[in-house]
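Colleague: I have a model open and would like to go through it with you. Can we start with the pockets?

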Amino acid sequence: MAKSEGGIMETVKTVFWALLIAGVFRTLFFQPFWIPSGSMKDTLLIGDFLFVNKMAYGYSQHSCPFSMCPFEGRIFGAEPERGDVVVFRHPTNGTDFIKRVVGLPGDRVQMIDGLLHLNGEPVQITPDTPFEEVVEPQGPQGHRPRCQDNQPVGEGAICSKERATEELPGGVTHSILNIEDGSRGDNTPEFVVPEGHYFVMGDNRDNSIDSRFPQSIGGVGFVPFENLLGRADRVIFSSAGRRMVYFWTWRSDRFFREIE
């Protein structure tokens with residue numbers, strides 16, 4: 001009996017230390033994140049798996065699991081740059097989101113006819129080839145893609161979206177998608193980003209709930225600096241299927257891909 005109890009205690013200790021080490025690693029260095037929706041296509045696809053760089057912006061109470069870090073504000077903080085793809089804690093509902101930073105503190109941000117304007121000037125847009133994907137269930141939730149002008153397309157058909165390259169002030173370039181003209185996020189009032197906050201948007205502009213929409217109607221609004229969890233730098237693994245073990249759905253061309 002004594003040997004059995006001793007073996008159980010050793011197992012408990014091993015599990016305890018393993019969980020502690022994993023928790024410290026997740027809190028201080030890299031947090032795993034699985035892309036659940038298509039709001040960042042085609043930069044990030046449903047089923048992309050990445051590690052969030054927790055060291056990029058320092059640490060806040062939200063850096064710990066369940067937002068339990070015992071301090072306020074931010075320590076070892078470094079501000080994000082325009083164009084960074086960031087993971088953050090939603091200011092009201094506590095969900096982790098991933099979007100791109102387009103507006104810094106003090107910026108004036110506005111969408112006019114689907115074109116991003118920063119501080120009164122439109123950003124540079126260069127048309128690109130359409131983004132195409134197969135109509136099929138994507139990820140654990142089985143999302144199906146929305147197609148150009150929301151046209152219904154049958155299972156297995158090719159779904160197309162208008163694509164362009166957007167250049168932000170400072171020279172950061174990335175792809176953006178357009179599903180339809182005149183969507184509710186294509187024309188907005190001018191937003192002035194408060195001090196200590198950021199304006200974020202999804203690259204799949206007509207399929208993203210982001211800072212264009214106030215928190216009162218389920219949007220994101222301005223994101224406080226302390227809510228940033230880290231920066232997404234590279235896709236490690238990607239699977240188009242509903243289970244990661246479905247190896248025939250792996251996207252080998254996306255393994256270790258740098259996020260632009």
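Colleague: What classes of residue make up the lining of the second largest pocket?

Modeller: This is a predicted model. In the lining of the second largest pocket there are seven nonpolar, three polar and six charged residues.

Colleague: How much space lies in the second largest pocket?

Modeller: About 260 Å³. It is lined by 16 residues, and the closest to its centre are Gly114, Glu162, Ala164, Ile176 and Asn178.

Colleague: Switching to charges. How many salt bridges does the structure hold?

Modeller: There are 15. One of them pairs glutamate 133 with lysine 41, where the closest N and O atoms are 3.0 Å apart.

Colleague: Where in the chain do those two sit?

Modeller: Glutamate 133 is in strand β9 (residues 131-134), and lysine 41 is in the loop between β1 (30-34) and β2 (48-53). They are 92 residues apart, so the pair links distant parts of the chain.

Colleague: Is that glutamate 133 buried or exposed?

Modeller: Glutamate 133 counts as buried because its relative accessible area is 10%, and buried means under 20%. Lysine 41 is also buried, with a relative accessible area of 4%.

Colleague: Which residues are joined with them into one network?

Modeller: Salt bridges with shared partners join Lys41, Glu133 and Lys161 into one network.

Colleague: What about arginine 108, what does it form a salt bridge with?

Modeller: With glutamate 190, and the closest N and O atoms are 3.0 Å apart. This pair also links distant parts of the chain, 82 residues apart. Arginine 108 lies in strand β5 (residues 108-112), while glutamate 190 lies in the loop between β11 and β12 (191-192).

Colleague: How accessible are glutamate 190 and arginine 108?

Modeller: Glutamate 190 is partly exposed at 39% relative accessible area. Arginine 108 is partly exposed too, at 32%.

Colleague: And the salt bridge between aspartate 253 and arginine 257, what is the N to O distance there?

Modeller: It is 3.8 Å. Aspartate 253 counts as exposed because its relative accessibility is 54%, and exposed means over 50%. Arginine 257 is partly exposed, at 36%.

Colleague: Now the whole protein. How many helices and strands?

Modeller: The protein has one helix and 16 strands.

Colleague: What share of the residues count as buried?

Modeller: 44% of the 260 residues.

Colleague: And of the contacts between residues at least 6 apart in sequence, what share joins residues at least 24 apart?

Modeller: 61% of those contacts.

Colleague: Last one: what does the accessible surface come to?

Modeller: About 13,400 Å², and 58% of that belongs to carbon and sulfur atoms.

Definitions and conventions. Residues are numbered from 1 along each chain as its sequence is written. This is a predicted model: local features need pLDDT of at least 70, side-chain atom pairs count only at pLDDT 80 or more; totals for chains, interfaces and linings use all residues. Side-chain values use heavy atoms; hydrogens and water are left out. On a 1 Å grid over the protein atoms alone, a cavity is a set of points where a 1.4 Å probe fits but cannot get out, and a pocket is an open set with protein on both sides within 12 Å along at least five of seven lines; lining residues have an atom within 4 Å of a point. Grid points are joined across faces, edges and corners, and a volume is the space filled by probe spheres set on the points. Ala, Val, Leu, Ile, Met, Phe, Trp, Tyr, Cys and Pro count as nonpolar, Asp, Glu, Lys and Arg as charged, and the others, Gly among them, as polar. A salt bridge is a side-chain nitrogen of Lys or Arg within 4 Å of a carboxyl oxygen of Asp or Glu. Helices (H or I, at least four residues) and strands (E, at least two) are DSSP runs, numbered from the N terminus. Buried means under 20% relative accessible area, exposed over 50%, partly exposed in between (1.4 Å probe, protein chains only). Contact means heavy atoms within 4.5 Å. Accessible areas come from the Shrake-Rupley method with a 1.4 Å probe; for residues, only the protein chains shown count as cover.
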